[in-house]
Amino acid sequence: MSATSGTMATRGAGIAPEPRVLVPLRIDGEPPALGQAVHALAGETMGTTWSVRFIGPSGLRLAAIEAAVVHACDEVIAQMSSWDASSDLSRFNGAAAGTAFPLPEGFATVVDAALRIAAESDGAYDPTAGALVALWGFGPSGETARAPRHDAPDFHAPTPEACERVHCGWQSLPWDGTRHVLSNRARRRWTCRRSPKASRSTACPQS
């Protein structure tokens, strides 16, 4: 009996299928030596959890590895969190029109990839949809909230006109990939307004 037919038979009989293992066709670097321990680390970040499992000698300094993982997560938050008012992303979103904003390496890599995907998908993926997402009630809450959450008593579905006002479109973001500088420039035809006093573009890279 083949593995496929066996799995189908167990499903038909109401028995859980046997687990399968996906084996990569290529592994870069040297494989770990046989007999080494499987280490597991876990923690919390960004409202969810992370976990890491890896093979290595029993004498590894796990605390140092865990600290490196936590530092990587904290760096993402500091650069690209839409929930943290002090992040680079939040400060860019709050900057006045015309601001040239130098980005750190990680954020710059994400913006570069996001704008490339937006161009290649003809806008099906749009990294400037953050304000539009918030308008529909799925943006951040608290200090960086731009609109009521969808489950809030005062939430109302936005009108097409309101959506047009806040959605500037990915092509409105001038990006200097060489210098890692993102400019906050309002378009003349569709002004991305957060208040009647100042027009602002809104970037929201999706990771």
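1. Let's start with Arg91, which counts as partly exposed at 40% relative accessibility. On this scale buried is under 20% relative accessible area, exposed is over 50%, and partly exposed is what falls in between, with a 1.4 Å probe and protein chains only. The side chain of Arg91 meets that of Asp88 in a salt bridge, 2.4 Å from N to O; the term requires a side-chain nitrogen of Lys or Arg within 4 Å of a carboxyl oxygen of Asp or Glu. Asp88 counts as buried, at 13% relative accessibility. Why are Asp88 and Arg91 separated by about one helical turn? Because they sit three residues apart in helix H3.

2. A word on the ground rules. Residues are numbered from 1 along each chain as its sequence is written, and side-chain values use heavy atoms, leaving out hydrogens and water.

3. How far to trust the model? The protein averages a pLDDT of 79, and 80% of the residues score at least 70. Where pLDDT is low, the predicted coordinates should not be read in detail.

4. On to the overall layout. The protein has six helices and seven strands, taken from DSSP runs (H or I of at least four residues for helices, E of at least two for strands) and numbered from the N terminus. Following the sequence, the pattern reads α-β-β-α-α-β-α-α-α-β-β-β-β. Of the contacts with a separation of 6 or more, 48% link residues 24 or more positions apart. Of the 207 residues, 30% count as buried.

5. What holds the most contacts inside the largest nonpolar core? Phe92, Leu103, Phe107, Val111, Leu115, Trp175 and Leu182 do, in a core of 14 residues. (Such a core is a set of buried Ala, Val, Leu, Ile, Met, Phe, Trp, Tyr and Cys residues joined through side-chain atoms within 4.5 Å.) Helix H3 (88-93) and helix H4 (105-120) each supply at least two residues of this core, and H4 gives the most, with five. Setting aside neighbours within four places in sequence, Leu115 touches Pro127, Trp170 and Trp175.

6. Back to charges. Side chains of opposite charge can pair when their charged atoms come close. A search of the whole structure turns up three salt bridges. Besides the Asp88 and Arg91 pair, Arg179 bridges to Asp176, with the closest N and O atoms 2.7 Å apart. Arg179 is exposed, at 57% relative accessibility, while Asp176 is partly exposed, at 24%. Asp28 bridges to Arg26 with 3.3 Å between the closest N and O atoms, and both of these residues are exposed.

7. For the surface, the protein exposes about 13700 Å², with carbon and sulfur atoms supplying 56% of it; areas come from the Shrake-Rupley method with a 1.4 Å probe, and for residues only the protein chains shown count as cover. Val133, Trp136 and Phe138 make up a nonpolar surface patch with about 310 Å² of accessible area together. Patches take residues with over 30% relative accessible area and no salt bridge, joining like charges within 9 Å and nonpolar side chains (Val, Leu, Ile, Met, Phe, Trp, Tyr) within 5 Å. Phe138 is exposed, with a relative accessible area of 53%, and lies in the loop between helix H5 (130-135) and helix H6 (160-166).

8. Ala157 is in the loop between H5 and H6 too, and is exposed at 53% relative accessibility. Ala157 and Leu135 are 22 residues apart in sequence, with 7.9 Å from C-alpha to C-alpha.

9. Met46, not a glycine, has a positive phi of about 55°; Met46 is in the loop between strand E1 (37-45) and strand E2 (48-56). Asp122, not a glycine either, has a positive phi of about 55°. Is Asp122 buried or exposed? Asp122 is exposed, with a relative accessible area of 71%, and sits in the loop between H4 and H5.

How values were computed:
pLDDT is the predictor's confidence in each residue, from 0 to 100. Contact means heavy atoms within 4.5 Å.
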